[in-house]
Amino acid sequence: MPTIDLFENTKLSLKNALSRGYIITPGDRDGSGVITSPKGHSYTIEGFKCDCPDSALRGGTHKGHCKHAIWLSQLYPCPT
């Protein structure tokens with residue numbers, strides 16, 4: 001995964017995604033979840049592989065990953 005400054009408001013920052021209305025729902029396993037866009041489109045991520053068009057058609061334009069997988073990678077699991 002590319003290194004991202006979590007506090008910088010860039011296209012790939014989690015802060016930017018949340019401020020634009022994306023909903024990020026982590027899954028049961030590391031690297032899994034669902035990203036829902038402000039328009040209601042949902043993308044499923046498993047093993048940091050997303051089913052969005054960028055990932056499926058182009059292999060991910062950000063060093064082999066899409067923005068959805070990068071956003072998910074910025075979440076930290078809560079300690080149990």
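Cys50 is buried, at a relative accessible area of 9%. Here buried means under 20% relative accessible area, exposed means over 50%, and partly exposed lies in between (1.4 Å probe, protein chains only). The model is predicted: local features need pLDDT of at least 70, side-chain atom pairs count only at pLDDT 80 or more, and totals for chains, interfaces and linings use all residues. Residues are numbered from 1 along each chain as its sequence is written, and side-chain values use heavy atoms, with hydrogens and water left out.

Cys50 belongs to the largest nonpolar core, which has 13 residues. A nonpolar core is a set of buried Ala, Val, Leu, Ile, Met, Phe, Trp, Tyr and Cys residues joined through side-chain atoms within 4.5 Å. Ile24, Ile35, Cys50 and Trp71 have the most contacts inside this core. Helix H1 (14-19), strand S3 (42-46) and helix H3 (67-73) each supply at least two of its residues. The largest share, three residues, comes from H3. Helices (H or I, at least four residues) and strands (E, at least two) are DSSP runs, numbered from the N terminus.

Ile24 is found in strand S1 (residues 23-26). Its relative accessibility is 14%, so Ile24 counts as buried. Contact means heavy atoms within 4.5 Å. With neighbours within four places in sequence left aside, Ile24 is in contact with Leu14, Ala17, Leu18, Val34, Ile35, Trp71, Leu72 and Leu75. Trp71, with residues up to four places away not counted, touches residues including Lys11, Leu12, Tyr22 and Ile35.

The whole structure has zero disulfides. A disulfide is a pair of cysteine sulfur atoms within 2.5 Å. For Cys50, the nearest cysteine sulfur is that of Cys52, 3.7 Å away. The sulfur of Cys66 also has its closest cysteine sulfur in Cys52, at 3.7 Å, which is too far for a bond. Cys66 is buried, with a relative accessible area of 1%.

The count of salt bridges comes to two. A salt bridge is a side-chain nitrogen of Lys or Arg within 4 Å of a carboxyl oxygen of Asp or Glu. One joins Glu46 and Arg29, with the closest N and O atoms 2.6 Å apart. Glu46 lies in strand S3 and Arg29 in the loop between S1 and strand S2 (33-36), so the pair ties together parts that are 17 residues apart in sequence. Glu46 is partly exposed at 40% relative accessibility, and Arg29 is exposed at 51%.

Arg58 and Asp54 also form a salt bridge (3.3 Å, N to O). They are four residues apart in helix H2 (residues 53-58), so about one helical turn separates them. Arg58 is exposed at 53% relative accessibility, whereas Asp54 is buried at 12%.
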